[in-house]
Structure formats: structure tokens, C-alpha cells
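User: Hi! I'm new to this, so please walk me through the model below in plain words.

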Amino acid sequence: MSILLLEKRGPVALLTLNRPEMMNALGQEGDGPAVAAVCAEITADPSIRCAVLTGAGRAFSAGGDVKAMKEKTGAFGGSPADIREGYRRNIHMIVRALYNLEVPLVSAINGPAIGLGCDVACMADIRIAADTAKMGVTFLKLGLIPGDGGAWLLPRLIGASRAAELLFTGDVIDAKTAAEWGLVSRVVPADRLMDEAMALANRIAQQPPQALRLAKTLMRHGTTSSYDTIMEMSAAAQALMHETNDHVEGVNAILEKRAPVFNGN
């Protein structure tokens with residue numbers, strides 16, 4: 001069975017990490033291509049406007065498969081050259097596919113999100129945590145470093161000092177602390193997590209699809225591109241949006257004092 005299940009609920013794609021007997025540990029052979037295939041399917045589907053990522057069972061994801069590390073299998077087996085390729089063609093495929101998903105992605109963190117699991121959650125644009133969730137980047141406790149891009153992403157999300165504290169100590173923080181640090185945007189009761197995440201995703205999905213995807217693209221490029229580059233990208237993208245039917249609908253809806261109905265044209 002695939003590590004990532006896809007369920008389409010109208011304009012929202014529900015993605016579920018599906019290895020509950022192992023707390024959704026990642027790194028088995030084929031995990032990267034499986035996640036990449038699901039993300040490619042979503043990106044290619046114009047009817048999908050937002051996605052929600054969560055974990056089956058009691059965890060979001062416990063991170064890298066420690067048993068596979070011990071047995072030197074999957075992404076963690078072979079020579080140093082083999083392991084390098086294992087990361088590039090498996091682990092990196094997971095995080096790249098999620099980070100580069102064209103539609104907005106909401107992580108609904110239902111339980112522990114540890115190590116790679118924490119970084120996977122952070123690939124989303126928005127993170128909501130259950131009050132029972134815990135998060136940590138515990139690579140150093142395994143004698144490892146963040147091999148999945150977390151060292152690039154985490155300081156951009158919570159600042160260099162908080163990121164360093166989290167990584168260098170290996171501490172696991174509760175949901176309340178994660179919210180205080182900006183690692184998640186809000187904390188909700190565990191029994192309300194999926195309702196809240198889906199409600200948010202459906203509000204996002206009401207936006208004009210083309211503009212929504214372009215807005216996400218601009219925000220992603222904004223983390224690494226210069227101001228002038230983003231200004232030029234914004235002007236070009238805006239010119240295209242002015243010619244869409246959804247722009248006409250948005251203007252008319254405001255003037256007519258009604259809710260807009262966007263169809264992606």
C-alpha cells in the first residue's frame with residue numbers, strides 16, 4: 001500500500017501518510033516516487049484548489065524509519081554513495097514534491113511530528129496542530145544532521161535562533177510552544193483538528209484557482225529571489241490575471257455586493 005493516500009473531497013485533496021503501525025515512518029523503498037506521483041496528480045488536476053496533509057493513526061510522522069537505519073535498508077542502505085542517492089531519489093523526492101505542490105497545502109498535525117516528520121509538516125504553507133501534537137527535529141540524537149532540507153527551511157519559518165535551539169538541543173516541544181514560536185499558526189482540540197483543517201482548506205478553495213496557484217508561486221520565490229525579481233514576476237503574472245474571467249467575476253461581485261463564484265477561467 002502506498003505511503004500516501006489521496007482522497008478528493010470536491011476542490012480539496014486530503015492526503016494521509018499511511019503507515020500507522022510504524023507511526024508513519026518514512027524512508028522505505030519507493031516512498032519518494034509514491035509521494036511525487038500523488039503530488040503530480042494533484043498539480044495536474046485543475047479542479048483541485050487546496051490540499052490537506054495529515055497522518056493515519058496517532059502520529060503525523062515519527063520521521064525516518066529507525067529500523068531501516070539499523071538494518072541499512074531502503075534510503076539508508078549501502079555505501080556512502082548509495083546513501084547519498086537514497087536521500088536524493090527517495091527522501092528528497094518526498095519533501096521536494098510537497099514543497100513544490102502548486103496548490104496551497106495545509107498540514108493538519110494530529111500527533112508527533114519528529115525529525116523528517118517535522119520537516120515534512122513544515123513543507124506546507126499553513127500548519128495547524130492538535131493540542132496533543134508534539135514537534136521536534138531530533139536528528140542529532142541519532143548522530144545525524146537534517147538530510148532533508150530542514151536546515152534551509154526551519155530558519156526561514158521560525159528564525160535562526162529558534163531553529164538553532166530546536167536543532168542543537170533535539171528538544172521535542174508541545175503544540176502550545178510550537179504556536180508561540182510560529183512553527184504552527186494555531187492549535188485546536190484534537191477532536192476538531194480535521195474539521196478545522198478542512199474548513200480552512202475549503203475557504204482557500206473558494207479563491208480563483210489560477211490566481212491562487214500563482215500567488216503561492218510568488219510567495220515561494222519570495223523566500224529566495226530579490227525584490228526586483230519578484231516585482232517583475234508579479235507584473236507579468238498580474239497582466240495575465242487581468243485577462244481572466246475570474247478577474248471580471250471578482251470585480252462584478254464587489255460592485256454588485258455579492259459573493260463571487262470563480263470557475264478557473
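User: Let's start with cysteine 50. Is cysteine 50 buried or exposed?
Analyst: Cysteine 50 is buried, with a relative accessible area of 0%. Buried means under 20% relative accessible area, exposed means over 50%, and partly exposed is in between (1.4 Å probe, protein chains only). Before we go on, this is a predicted model, so local features need pLDDT of at least 70 and side-chain atom pairs count only at pLDDT 80 or more, while totals for chains, interfaces and linings use all residues. Residues are numbered from 1 along each chain as its sequence is written, and side-chain values use heavy atoms, with hydrogens and water left out.

User: OK! How many disulfides are there?
Analyst: The count comes to zero. A disulfide is a covalent bond between the sulfur atoms of two cysteines; here the rule asks for a pair of cysteine sulfur atoms within 2.5 Å.

User: New topic: the inside. Which residues have the most contacts in the largest nonpolar core?
Analyst: They are Leu53, Leu98, Ile109, Val120, Met135 and Leu183, in a core of 54 residues. Helix α3, residues 80-99, gives the most to this core, with six residues. A nonpolar core is a set of buried Ala, Val, Leu, Ile, Met, Phe, Trp, Tyr and Cys residues joined through side-chain atoms within 4.5 Å. Helices (H or I, at least four residues) and strands (E, at least two) are DSSP runs, numbered from the N terminus.

User: What does valine 120 touch?
Analyst: Leaving out residues up to four places away in sequence, valine 120 touches Leu26, Leu53, Phe60, Ile94, Val95, Leu98 and Ser107. Contact means heavy atoms within 4.5 Å. There is also a second, separate core of 17 residues, which includes Val52, Ala197, Leu200 and Ala201.

User: Back to α3. Where does α3 bend?
Analyst: The bend is at histidine 92 and comes to about 45°. That is the angle between axes fitted to the seven residues ending there and the seven starting there.

User: Which elements do its buried residues pack against?
Analyst: The buried residues of α3 pack against α1, β3 (50-55), β4 (105-109), α4 (116-122), α5 (150-158) and α9 (209-222). Among those buried residues are Gly86, Asn90, Ile94 and Leu98.

User: And arginine 96, buried or exposed?
Analyst: Arginine 96 lies in helix α3 too, and counts as exposed because its relative accessibility is 56%.

User: Now the loops. Where is arginine 19?
Analyst: Arginine 19 is in the loop between β2 (12-17) and α1 (31-43). At 8% relative accessibility, arginine 19 counts as buried. Apart from neighbours within four places in sequence, arginine 19 is in contact with Ile3, Asn24, Ala25, Leu26, Gln28 and Asp31.

User: What is the phi of asparagine 24?
Analyst: It is about 60°, a positive value although asparagine 24 is not a glycine. Most residues other than glycine have a negative phi. Asparagine 24 lies in the loop between β2 and α1 and is buried, at 0% relative accessibility. Methionine 23 has a positive phi as well, near 55°, but is partly exposed at 23%.

User: What does arginine 58 touch?
Analyst: Not counting residues up to four places away in sequence, arginine 58 touches Met23, Asn110, Gly111 and Pro112. Arginine 58 sits in the loop between β3 and α2 (66-71) and is exposed, at 61% relative accessibility.

User: Last one: which element gives the most to the lining of the largest pocket?
Analyst: That is α9, with five residues. This pocket has a volume of about 390 Å³, and of its 17 lining residues, the closest to the centre are Ala124, Asp125, Ile126, Met219 and Arg220. On a 1 Å grid over the protein atoms alone, a pocket is an open set of points where a 1.4 Å probe fits, with protein on both sides within 12 Å along at least five of seven lines, and lining residues have an atom within 4 Å of a point. Grid points are joined across faces, edges and corners, and the volume is the space filled by probe spheres set on the points.
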